[in-house]
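Hi there,

Here is the structure I promised to pass on to you. Have a look at it first, and then read my notes below.

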Amino acid sequence: MQAQKHPAFDEERRYLEDTCKCMDREIDYLADEVEKMDEELSKLKRSVGGNYSDDVIVKTTIHESNKRKLNQLKRAEDKPYFGRIDFKEFEKAEYETFYVGKTSLTRKNDNKMLIIDWRAPMASLYYSGEIGEVMYKAPEGLIIGDLGLKRQYEIDKKELINIFDKGLTPMDEYLQTALWEKKDNRLKDIVNTIQSEQNDIIRADKEKVLIVQGVAGSGKTTIVLHRIAYLMYTYQEVFNAEKLLIIVPNNLFLNYISDVLPDLGVEEIKQSTFEDMAMSLLDAEYKLVDIETKFYQLLDYQKLSEEYREKLQWTSFFKGSMIFKNIIDRYVTHLSSNFVPKIDLKINGFIIYSYDEVLKMYEKDYRYLPIIPRSKRIQKYIESNMLDRVKSIQKEISDQYENKVNLLKDSVEDIESIRSELIKLYDERDKINQELKKSVDKATKQYFDQWQNLDIGTLYKDLISDYEKLRLYADKEFDRDLIAFVSNYSKKIFDSGMLEREDLAALLYLHLKLEGLSLEEKYNHIIVDEAQDYSELQMYILRQLSSNNSFTIVGDISQGIHSYKGIGSWKELMENVFVGCDRELLNLKKCYRSTMEIMNFANQVIKKWRKEEITLAEPVLRSGDKPLIIKKNSDEEIVNDISLRIKELKEEGHKSIAVICKTTQESIGVYQLLKNAITDDIHLITDKDTSYEGGIVVIPTYLSKGLEFDAVTVFNCSKDNYIADELHIKLLYVSITRPLHKLFIYYKNEPSILLDIDSDYFNTL
Ligand SMILES: Nc1ncnc2c1ncn2[C@@H]1O[C@H](COP(=O)(O)OP(=O)(O)OP(=O)(O)O)[C@@H](O)[C@H]1O
């Protein structure tokens, strides 16, 4: 054990033993409390029989908090802490020692803080402080002092394995140990090795739009999850789980990250794909065109003309653009200004509600409401007041008849002589009044039937599939050809009973404009991962869902394989969508995932996509094999070689191995061949999969985005499979930035032009 060589070994081992004992005692105590409270609460609930009780509420709160703490301690018991800082505040005489762990621990008998939570303000020094003068932000202000010692521990099953002292042990030895670990099927937390630039993001001020451009493997996904844990801990009073929303690319990814938050003691955060969230807000189940259909059409440079592919791209861009948002805005303004029909609500010629009166309700009294709730409110108001209105009209009619009767009576001396006339008048009056009452429902219905039906799906389809309408609401002259393409293309899709994903965002926007959103439905903080793939309109919608413009948005423009509809630049996003908000753009340049050799190679590939905004990744100092580029003559030969390589990799201890293919169709073919060639369990991953179990997988590139594997083999990087356009370059870049340790790239006959890079960066076979 390395730790024994450290001069402080005995002292540290004793501290660890004492802490573990104390933690065990606390676990026992809490387990006991939880058990007792379980019983007590069920008795109490029975006795109050479902009625409100302060006692039940207070006890439930304590019970939940005890359960949470017990859970956190249990998760931490094998490795109670990972770091230590010795800090002396200025003007104080002594250094104080603080041990940093995943959750805090206080000794009961003397209230001594044995471990501080990694999210506590002072723990920031462990991540960002260098030995010497330091400062950290606390609720009471900036605390300045001196950091005397920063120590890191490797602890396994309560045993001290290694001790690293910052400044004494070689730089990042501790981090290196973590990065060399083999990965299985889930993303892990990194509380013990969070780096300074990552710490700044995790602890960044919450009241702003924070955008993080981070290279592949820089820890973006990991960091946002830690940021959630930090926000939940730091702002307990304002943040509850329902007020936080994480938007992720797909359910497979959701499953891949599902361990991190519970490991960090955070449960029940709302995590969703944009599509699922949209469907739930729309309260409808639309059939969506397969995500791959358009994507693969765009890649299919052999069958489809460039002109057609460009128009397809433009359609996607248009539907997710702020241009389309403005068109929808104008459409809604038009709908609204013509909404109240220019007719009176009449019964048998009597005006019950005049057009002017209803218009006033619409334009003045209920103007604060969006159109749909406004129209419902007016309808309800009118319906509930109809009978009263009719009654007062009946009274007027009765008065008029009374006058007529009186006049008639005054005109004769002998009332008997006009008896029949009087009866006729009374009958007439009663008939009119009865008719009025009888016709209320019918007349009201007839009147409201004249109001426009605000079915959002129909309104949306009417707009986008109608060339004339689109042109009418567009503010500037669009290429007629493109607009015609968009409307025809959309019509065909709608006629098949489907919608595109791009339509869903626009549809939701229309829904929000017409239906509105209550404050309870809004979020206090929204997190978007893989943000480069969302359109500006999607981001604008998320802004509508935010109560306070508090966002953490992370992504990598170089991995923007959906850039035809996604975000082209963070600056544009800030200017077009988050204008007027407090915004900050931060960069993460270091890649922690892959070895230097893999990342240097990947940098050469992405450089082929010349764009000013790309930042090349700086790999952390971890060296492995150079990527291996292998030539074969057929798919079968490639698969045979991959099967041998998988065997080798498994013998070396690698747990997760991916065969990455360009498309799903290619993946299916490779999977069939590979299944026959190896005996191991192997999984084909498609967009229907919602769980990722690790091991050996065959997967299309777009689904591998965000995931990582110990080793990756890229199936067919031949000349005719990867051309030098933006989409192919980015696809290849995503594939080759997935491995932690080993990368193999296969091609048939001739290599892709994208592999035409300095031979120092790879080996060949
Ligand atoms: N400070 C760190 N300490 C240890 N491991 C880290 C650290 N930062 C990142 N990692 C590891 O690097 C890998 C990449 O992290 P993550 O997937 O969060 O990156 P990413 O930026 O989202 O990647 P990509 O955009 O390529 O999907 C993970 O294995 C993660 O555990």
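**Around the ligand**

The shell around the ligand is made up of seven nonpolar, 12 polar and five charged residues. Here Ala, Val, Leu, Ile, Met, Phe, Trp, Tyr, Cys and Pro count as nonpolar, Asp, Glu, Lys and Arg as charged, and the others, Gly among them, as polar. Please keep in mind that this is a predicted model: local features need pLDDT of at least 70, side-chain atom pairs count only at pLDDT 80 or more, and totals for chains, interfaces and linings use all residues. Residues are numbered from 1 along each chain as its sequence is written.

Of the 24 residues around the ligand, those that come nearest are Thr193, Ala216, Gly219, Lys220 and Thr222 (a residue is near a molecule or strand if its C-beta atom, placed from the backbone, lies within 6 Å of it). Two or more residues of the shell come from each of α4 (173-179) and α6 (220-234); helices (H or I, at least four residues) and strands (E, at least two) are DSSP runs, numbered from the N terminus.

**Two helices side by side**

Helix α1 (residues 9-48) and helix α2 (residues 54-76) have axes that come within 9 Å and cross at roughly 150°. Axes are lines fitted to C-alpha atoms, for helices over the stretch in contact, and angles run from 0 to 180 degrees between N-to-C directions. α1 and α2 are therefore roughly antiparallel to each other (under 35 degrees counts as roughly parallel, over 145 as roughly antiparallel, 65 to 115 as roughly perpendicular and the rest as oblique). In the contact of α1 with α2 there are 12 nonpolar, three polar and nine charged residues.

**The strands**

Strand β6 (residues 141-156) runs antiparallel to strand β1 (residues 83-89), with seven bridges joining them; two strands pair if DSSP finds at least two bridges between them. Within this pairing, lysine 88 has aspartate 146 in β6 as its bridge partner. Seven bridges also join β6 to strand β5 (residues 132-138), again antiparallel, and a hairpin through two residues connects β5 to β6. β6 and β7 form another hairpin with two residues between them, where lysine 157 in the turn has a positive phi of about 45°.

Elsewhere, six strands form an open sheet with parallel pairing, in the order β10-β9-β13-β14-β8-β15. Its edge strands, β10 (270-273) and β15 (583-588), each pair on one side only. From one strand to the next, the twist averages 15°.

Enjoy exploring!
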